[in-house]
Amino acid sequence: MIDPAQPRHDWTVEEVEALFELPFTELVFRAADVHRRWFDPTEVQLSQLLSVKTGGCAENCGYCSQSAHFKTNTPASKLMEADVVIAAAKQAKEGGAQRFCMGAAWRDMKDRDMPKVAAMISGVKALGLETCATLGMLKPEQAKALKDAGLDYYNHNLDTGPEYYDKVVTTRTYQDRLDTLEAVRDAGLSTCCGGIVGMGETRRDRAGLLQQLAALPAHPDSLPINDLMPIPGTPLGGAAPVDGLEFVRMIAVARLVCPKSVVRLSAGREHMSRELQALCFLAGANSIFVGGKLLTTSNPDQDTDAALLADLGMRPMTMKKAAV
Ligand code: SAM
Ligand code: DTB
Ligand code: SF4
């Protein structure tokens, strides 16, 4: 008998789709059971985002407020100075964040920006925070330089299943994304990789994304599931919202196919009820973004989240991996 809590890399899309088709309570029960095998279900990992370089991006990701291809209300700005980023990280730590994630609206990282980015990373690390960055595509040497600067995690999402991908982005390929993830792993960085629901994809596409994540040589250390934040002016600005129960299914299936990954209930909590978030935690989510703002859109504020976690009897995750 196969132990469902043991990580597998050979999931087929059909097997993953079959998990989605389970009766809701059966699916959540199985996911909650596997969650308990690897994690304390009362613990939640807390990350905070900062957009260190906003807008004007050359890519055409159809969900994104920062693409230069679409006319949105997000003003573009230059790469922030390291001391400003470090000051924001200090505030995030004081507010309870455990990991600070620096995001830049770049297609790829340019070597000329490395000194400033390295200074941010080492400064944030010195505060005793875990560090994460999401800066677009990376070459192997750049991933190594980021690691040397003190980077713990690199976020690079597959976004959706391979069959739906080109309905959303055409300026870079699925393979480009897999190549960056390889460079990140080879540099010894922890990986943060997931996707988005609510872009008009089917259950099969969602199963396709999760199958791809499970087939990676190492399952993502962090696995963010974003509920689309619809951005006026983007091709997906008017996308229909995903049903809450369907979103919970996505979390539960992510927990089952990547049992040891920290699954993040990522973008979209702003428009979720407390009860829906509680169901996501029950189904195996054990990370959130905190701090009132994501990159360019809003997120529940600190007091709202503190009350939610207190009412659920949940507390910040004990730090095991990166030295803090
Ligand atoms: N530019 C870099 C890149 O795309 O690799 C890093 C930043 S990008 C904003 C990081 C991820 O955020 C995207 O891959 C996508 O999964 C998620 N994201 C972006 N806009 C979103 C939105 N409107 N709603 C939900 N998730 C979003
Ligand atoms: C991820 O998966 N979600 C974060 C982080 N990785 C970089 C970004 C969410 C962005 C939501 C839209 C915005 O704020 O612009
Ligand atoms: Fe650029 Fe990243 Fe937005 Fe795509 S998701 S347009 S790469 S900032």
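Predicted model: local features only at pLDDT ≥ 70, side-chain atom pairs only at ≥ 80, totals over all residues.
Around ligand 3 you will find Cys 57, Glu 59, Cys 61, Tyr 63, Cys 64, Ser 67, Ala 105, Trp 106 and Arg 172, where a residue counts as near if one of its heavy atoms lies within 4 Å of the molecule. Colour this shell by class and you get 6 nonpolar, 1 polar and 2 charged residues. Here Ala, Val, Leu, Ile, Met, Phe, Trp, Tyr, Cys and Pro count as nonpolar, Asp, Glu, Lys and Arg as charged, and the others, Gly among them, as polar.

A quick word on reading the model: residues are numbered from 1 along each chain as its sequence is written, while chains are lettered from A and ligands numbered from 1 in the order in which they are written. Local features need pLDDT of at least 70 and side-chain atom pairs count only at pLDDT 80 or more, whereas totals for chains, interfaces and linings use all residues; side-chain values use heavy atoms, with hydrogens and water left out.

**Next stop: ligand 1**

Of the 18 residues around ligand 1, the nearest are Tyr 63, Thr 134, Asn 157, Asp 159 and Met 229. The shell divides into 9 nonpolar, 6 polar and 3 charged residues.

Now look for polar contacts (pairs of N or O atoms within 3.5 Å; within protein, one must be able to donate a hydrogen and the other to accept it, and residues adjacent in sequence count only if both atoms are side-chain atoms). A polar backbone atom of Ala 104 is 3.1 Å from a nitrogen atom of ligand 1. Trp 106 has a backbone N or O atom 3.4 Å from a nitrogen atom of ligand 1. With Asn 157 it is the side chain to look at: a polar atom there lies 2.9 Å from an oxygen atom of ligand 1. Taken alone, ligand 1 exposes 560 Å², and the protein buries 89% of that; such areas come from the Shrake-Rupley method with a 1.4 Å probe, and for residues only the protein chains shown count as cover.

**On to ligand 2**

Which residues are closest to ligand 2? Among the 13 that surround ligand 2, they are Asn 157, Asn 226, Leu 295, Thr 296 and Thr 297. The shell of ligand 2 holds 5 nonpolar, 8 polar and no charged residues.

- Asn 155 has an N or O atom 3.3 Å from a nitrogen atom of ligand 2.
- Asn 157 places a polar atom 2.8 Å from an oxygen atom of ligand 2.
- Thr 297 has an N or O atom 2.8 Å from an oxygen atom of ligand 2.

Ligand 2 on its own exposes 400 Å², of which the protein buries 88%.

**The space inside**

Hide the ligands for a moment. Rolling a probe the size of a water molecule over the atoms shows where empty space is left. On a 1 Å grid over the protein atoms alone, a cavity is a set of points where a 1.4 Å probe fits but cannot get out. The largest cavity has a volume of about 850 Å³, a volume being the space filled by probe spheres set on the points, which are joined across faces, edges and corners.

Select its 40 lining residues (those with an atom within 4 Å of a point). Tyr 63, Cys 64, Gln 66, Asn 157 and Leu 295 lie nearest the centre of the largest cavity. This lining has 20 nonpolar, 14 polar and 6 charged residues.

Bring the ligands back. Ligand 1 sits in the largest cavity, meaning that more than half of its atoms lie within 2 Å of the grid points. The largest cavity is also the space taken by ligand 2 and by ligand 3.

Notes
1 Å grid on protein atoms, 1.4 Å probe; cavity = no way out; pocket = protein on both sides within 12 Å on 5 of 7 lines; lining within 4 Å.
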